Amino acid sequence: MQIFNEVQYYIWLFFWGYTGALLGGFYGVLYFRLENVTKRKIANSLREWMAVLMTSSECDYCNIQLKWYHYWPIFGYVFLGGKTKCCNETIPVKYFLFELCGMCIFLSVFVLTY
Ligand SMILES: [Zn+2]
């Protein structure tokens, strides 16, 4: 049974693929922030733990606060050519891989389901 027409199918494909990239990127950032916090043992209060979730992303090299389009999943990395805008250093590929994995997981579930 066909649920979607072809156009609807590709719209949903893009939607779920990009949702996967967003969640993958979010998970990646959360993972690396928590890794830093637990390594340095700096989070002693609830406020410090909340900061892991609530603070804006900063450049790994010069700590300048990033603009939203710099960490725009997939596109941000591609448009910046893998280099940071502020100090022209190489963006760690780990963030991009998390976004890509999230996208692949969501796309595979969508394609296998519909
Ligand atoms: Zn920088």
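Reader: In what order do the elements of the protein chain run from the N terminus on?

Author: Elements here are DSSP runs, numbered from the N terminus: helices are H or I of at least four residues, strands are E of at least two. The order in the protein chain is α-α-α-α. That comes to four helices and zero strands. This is a predicted model: local features need pLDDT of at least 70, side-chain atom pairs count only at pLDDT 80 or more, and totals for chains, interfaces and linings use all residues. Residues are numbered from 1 along each chain as its sequence is written.

Reader: How many Å should helix α4 span?

Author: The expected span is 1.5 Å times one less than the number of residues. Helix α4 covers residues 93-113, so its 21 residues should span 30 Å; the end C-alpha atoms are 30 Å apart, which agrees.

Reader: Which residues of α4 are buried?

Author: Count other C-beta atoms, placed from the backbone, within 10 Å of a residue's own: 20 or more is buried, 12 or fewer exposed, in between partly exposed. In α4 the buried ones are Tyr-95, Phe-96, Phe-98, Glu-99, Gly-102, Met-103 and Phe-106.

Reader: Why do the buried residues of α4 line one face?

Author: An α-helix has 3.6 residues a turn, so residues three or four places apart point the same way. Seen down the axis of α4, the buried residues fall within an arc of 160 degrees, so they line one face. The arc is that of the directions from the helix axis to the C-beta atoms.

Reader: What does the face turned away carry?

Author: Exposed residues: Val-93, Lys-94, Ser-108, Val-111 and Leu-112.
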